[in-house]
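Trainee: Could you walk me through this structure with a few questions and answers?

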There are 2 protein chains.
Amino acid sequence: MESSRGVDCKNIAAGECVTLGRDDPLRLDCGVEFSDFNVAYQTYGELNNDRSNAVLLCHALTGDQFVADNHPVTGKPGWWETVIGPGKLLDTKRFFVICSNILGGCMGTIGPKEINPETGKTWGLDFPVITISDMVRAQAMLLDHLEIDRLFCVIGGSMGGMQVLEWASAYPERVFAAVPIATAAHHSAQNIAFNEVGRQAIMADPEWQGGEYLNSDGSPHRGLAIARMVAHITYLSEPSLHRKFGRKLQDREAITFGFDADFQVESYLRHQGSTFVDRFDANSYLYITRAMDYFDLAERHGGGKLAEAFRGTDTRFCVISFTSDWLYPTSENRRIVHALNAVAANVSFAEIESDNGHDSFLLDEPEFWNVLFGFIEGAADRYGLKR
Amino acid sequence: MESSRGVDCKNIAAGECVTLGRDDPLRLDCGVEFSDFNVAYQTYGELNNDRSNAVLLCHALTGDQFVADNHPVTGKPGWWETVIGPGKLLDTKRFFVICSNILGGCMGTIGPKEINPETGKTWGLDFPVITISDMVRAQAMLLDHLEIDRLFCVIGGSMGGMQVLEWASAYPERVFAAVPIATAAHHSAQNIAFNEVGRQAIMADPEWQGGEYLNSDGSPHRGLAIARMVAHITYLSEPSLHRKFGRKLQDREAITFGFDADFQVESYLRHQGSTFVDRFDANSYLYITRAMDYFDLAERHGGGKLAEAFRGTDTRFCVISFTSDWLYPTSENRRIVHALNAVAANVSFAEIESDNGHDSFLLDEPEFWNVLFGFIEGAADRYGLKR
């Protein structure tokens, strides 16, 4: 049994950080134990006296804990900044909002770019392969540290939604309400295929150096940018690409008969790739996509039957999908709803009309916000949280 | 004005080859002229005395002229071998079938891997950027050489279908019947985006060496394999990936907590990538995908209006799409049909029910074959070709 001890929270660019696992280590699904590891997180609002108003946000593959702050690396607004704050849709005068960087991430929580205390070098590929369940257990340890027994609500889109489902199945007694958005209870073959292309692009880059690039001058920027580009296509719908770009040319009157970015969509994709590499770690990308591929809620908690993963749950669910999301389409979200219905769970389901594809949950989608925060307000009233 | 002279047809692994353009050069859309260039092709059956029974097949991005022979590099059967031959659906006792390697290809026709006679080295990125129209003009020159004034029929799927459309618009008097299959009259933003990822993957591979790899020991195998992998996902439908692979593991009982190909779909994709690089040239991949992205039939032949590209045509069309094709979906094929209807052209349209995605046109799809060869037989009867 391997184990590891973390380093101090000193390298965190901004925000909160805590070292966990000293008394009771995190035992990963692969068997490795972390007995001393950092979790970086952000909070918004204040925990009430009952410690009952906590909302856990679970971020997606390339997201992080900076939900409603300017990002310390990019300086850009947080990914849900428009809706979180005092008087905003997710009102921080009512709720205490927590978001932690996931296990395996690259914004302060233990991950492949952090120092392995056993070797004094960055973990690289020595970092153990983690799962969505591991991520959620680390979050549960953070809640223990914050002395929060029960979440009012856990919310997340995409891979964040997988964490929501895992929370509801692994810790039903700790979750009053759960909102999985634009997600799936397992990765389809096509989901795995796209992730595999991204991983292969990173590992094909000689600068990846078997994952050891942080101990050298190089960096697999080109491979990571390719991975981001292909993933980014899956985040957008064909109609939104058509609306935004169509066949419009980039700052030119005619095609150039060359391999420059003649088309706006090419220029946009290149930009997505090149900006991503400044803020994300290539090995983290490998580990997190692997965790997504491994995710299979029915196998883990239901003996192969999805409904069994939810049997007996008292959690109130609101499942939300988007019509033009082809990465985690409505059909995958509906599978979750059907499974919940099969065990007579309390579930509402909304398919939001939008042509913005999978990324809709990050965009200004009024109908989505209405459904989401209508559910949250109503559930909070029932839970007895004062307005 | 640049011009070039080709080399002898001596390097062709198998099949026919002809040097064209000596008297009347091929003037490319970019302005370059080829005054002496090779076109490699295969024929099946015999040209009748009237020279009226010629069927031109146009191959797709990664196809070639070996339609109904074993491939000289891979040894595998040709891409339509099951349907072409004496007594088969496309009966070579009735028809004279021609397929030429496209301009820019890598199976004997002039392309970036051939020798540039001006420099004595491979063309590499000095090869001019070509278009679908250029490919079709080279085919027309091949037909002139074969003394075939008019095609009974021109048929092609995917990029082959783009060539069919270009044939029908550029040379309506030379085409009695046209069958564009699983194609589009222009590339959408999403189509361009996927191609751009493939090109960036190739160009990100240091072994690509600015396109000069054929003059060295290296080869951008890794980048080309990534390009193939991402493209291959777009050739298959989500349901067919689910049916074939689902979440099945590859020769193992449980996940390995690593980055090997745990899932069958990963193993399959890696295999698709690694076998492709043995038979395809990375620079050809760049040039051909660029030609596809540039393709816009309405712009070229209709002043921006697709219907105008077909005005006055006497060609009989049969447009075929597949329900699960999301690369060139039915909607794109229907646009072609609507444009043909708008100028009162003779067109039939069939959307074939299949879950095999874009690749359906290469697979055993009985309904597809029935529609395709029913149309061809009927058109041949009308054209007066004896059975």
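Here is our chat about it.

Mentor: Quick ground rules: this is a predicted model, where local features need pLDDT of at least 70, side-chain atom pairs count only at pLDDT 80 or more, and totals for chains, interfaces and linings use all residues. Residues are numbered from 1 along each chain as its sequence is written, while chains are lettered from A and ligands numbered from 1 in the order in which they are written.

Trainee: How many residues of chain B are in contact with chain A?
Mentor: Contact here means that two C-beta atoms, placed from the backbone, lie within 7 Å. On the chain A side, 41 residues take part, and the partners in chain B number 42.

Trainee: Which helix supplies the largest share of the side of chain A that touches chain B?
Mentor: Helices are DSSP runs of H or I with at least four residues, numbered from the N terminus. H3 (189-204), H4 (221-235), H5 (238-244), H6 (264-276) and H7 (282-294) of chain A each give at least two residues to that side. The largest share, eleven residues, comes from H3(A).

Trainee: How far apart are the centres of domain 1 and domain 2 of chain A?
Mentor: An automatic or database domain assignment sets the bounds. Domain 1 of chain A covers 3-188 + 296-383, and domain 2 covers 191-288. Taken over C-alpha atoms, their centres are separated by 26 Å.

Trainee: Is H2(B) largely enclosed or left open by the rest of the structure?
Mentor: A residue is buried if 20 or more other C-beta atoms lie within 10 Å of its own, exposed if 12 or fewer, and partly exposed in between, with C-beta atoms placed from the backbone. The buried ones in H2(B) include Met159(B), Val164(B) and Trp167(B). Eleven of its twelve residues are buried, so H2(B) is largely enclosed.
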